[in-house]
Amino acid sequence: MTDPQQIDDTLIIVTAAGRGSRAGGGLPKQWRPLGKGLVIEHTLAAFSGFRVVLTIQPDDQELALSVIRNLCAGPSPKFSSNQLTIVHGGNSRAASVRNALEAASNGGFKNVLIHDGARPLVSADLIARLIQKLGTYPAAAPALAVTDALWRGADGQVEAPTPRDNLWRAQTPQAFHFEAILAAHRAYQGDAADDVEVAMAHGLDVQIVEGEENNLKLTWAGDFARAEAIVKGRDMDIRIGNGYDVHAFTEGDHVWLCGVKIPHHKALLGHSDADVGMHALTDAIYGALAEGDIGRHFPPSDPQWKGAASWIFLDHAIKLARARGYELSNCDVTLICERPKIGPHAKAMQDELARIMEITQTGKISVKATTSERLGFTGREEGIAAVATVLLVKA
Ligand code: MG
């Protein structure tokens with residue numbers, strides 16, 4: 001990671017003055033929503049701790065100020081308010097970058113990283129590798145080797161295959177010694193695709209640093225979908241739930257516990273098959289989803305559920321979780337009874353719960369038991385209680 005002295009020596013310029021609209025959706029792409037914020041908020045947050053100049057169109061001033069306020073506020077602010085400044089862009093990308101460089105030219109910076117506002121997923125590792133490269137070279141930029149075959153084409157037809165040898169896909173941030181790139185921009189006329197082009201026109205050698213597939217530039221609608229998925233992965237969504245159930249004993253010769261039929265001198269009384277363990281687990285899943293309990297989804301007043309096998313409830317709950325994008329991380333069921341003895345059946349119960357929930361790793365499912373030392377209703381063998389805890393993770 002980047003050390004504090006290097007952070008002090010390095011200015012970040014984030015370009016957000018462009019008006020590209022190829023991604024659709026009206027607003028320029030850097031101002032569009034991504035995850036819990038705007039694209040530009042993610043981009044700026046990637047440079048937390050650095051001093052950053054943001055180039056914008058004057059029209060976007062209010063939006064930019066509110067973004068800066070967000071990033072400087074909250075319980076863990078990404079910046080202190082004097083670290084983020086705004087510079088108005090020029091008529092071209094090159095002119096905007098030059099404005100930003102000129103504005104910071106008395107800041108004593110050794111290095112500058114120039115980054116597209118529409119690349120919100122740049123990693124701290126890539127930033128650190130670029131700055132490290134500037135210890136030896138005046139310029140470095142990330143790129144990925146072209147691996148797909150390349151064609152030249154027109155009017156929907158392939159005209160000719162094109163060799164891909166030595167071709168690279170350029171990314172940002174592009175990293176430079178501050179004075180070198182400032183001089184290059186001062187000497188440059190017209191627009192350029194990026195700052196490497198400006199640097200090379202001024203005779204600077206630019207080192208290639210391995211880029212990152214996730215460091216994508218949001219250009220097309222599909223890029224937003226991919227970025228959303230990546231951001232979602234970062235903001236992991238986990239849900240915990242608990243369930244508790246009790247069923248009384250009645251006359252009978254077996255009980256159902258966690259989907260396993262166990263011979264016993266009593267049965268459990270209930271509207272369904274009275275599988276107290278599976279009910280607790282099912283309620284825990286509903287609880288994690290804030291979806292009430294079994295009774296809400298399978299009302300006891302509805303005769304069609306009389307004597308129902310409880311796997312129907314568990315199957316419904318786990319499918320509801322999956323429909324919401326969650327997967328079971330693990331669950332733990334505790335049966336509370338003096339008898340029957342659960343230990344000999346625990347493995348079969350775990351296997352059956354895994355089968356119902358379509359989970360291949362049985363290590364995610366725990367079934368265990370305890371007595372209550374002959375105390376209370378379970379101790380007097382009037383019934384069985386069960387508690388369950390589940391953890392769901394957004395897949
Ligand atoms: Mg029940």
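Which residue does Lys-368 meet in a salt bridge?

The partner is Asp-332: the two side chains meet in a salt bridge, with 2.8 Å from N to O. This pair joins distant parts of the chain, since Lys-368 sits in strand β16 (residues 365–370) and Asp-332 in strand β15 (residues 326–336), 36 residues apart. Please keep in mind as you look around that this is a predicted model.

## A pair within a helix

Now find helix α12 (residues 346–357), where Glu-352 and Arg-355 lie three residues apart, so about one helical turn separates them. These two residues form a salt bridge, and their closest N and O atoms are 2.8 Å apart.

## Another pair to look for

Arg-322 and Glu-327 form a salt bridge too, with 2.8 Å between the closest N and O atoms. Arg-322 is partly exposed, its relative accessible area being 27%. Glu-327 is partly exposed as well, with a value of 28%.

## The wider picture

How many salt bridges does the structure hold? There are 21 salt bridges. Some charged residues are linked in a network: Arg-93, Asp-116, Arg-119, Asp-195 and Lys-217 are connected by salt bridges.

Methods
Residues numbered from 1 in each chain as written. Predicted model: local features only at pLDDT ≥ 70, side-chain atom pairs only at ≥ 80, totals over all residues. Heavy atoms only, no water. Salt bridge = Lys/Arg side-chain N within 4 Å of Asp/Glu carboxyl O. Buried < 20%, exposed > 50% of the residue type's maximum accessible area, 1.4 Å probe, protein only. Helix = DSSP H or I, 4+ residues; strand = E, 2+ residues; numbered from the N terminus.
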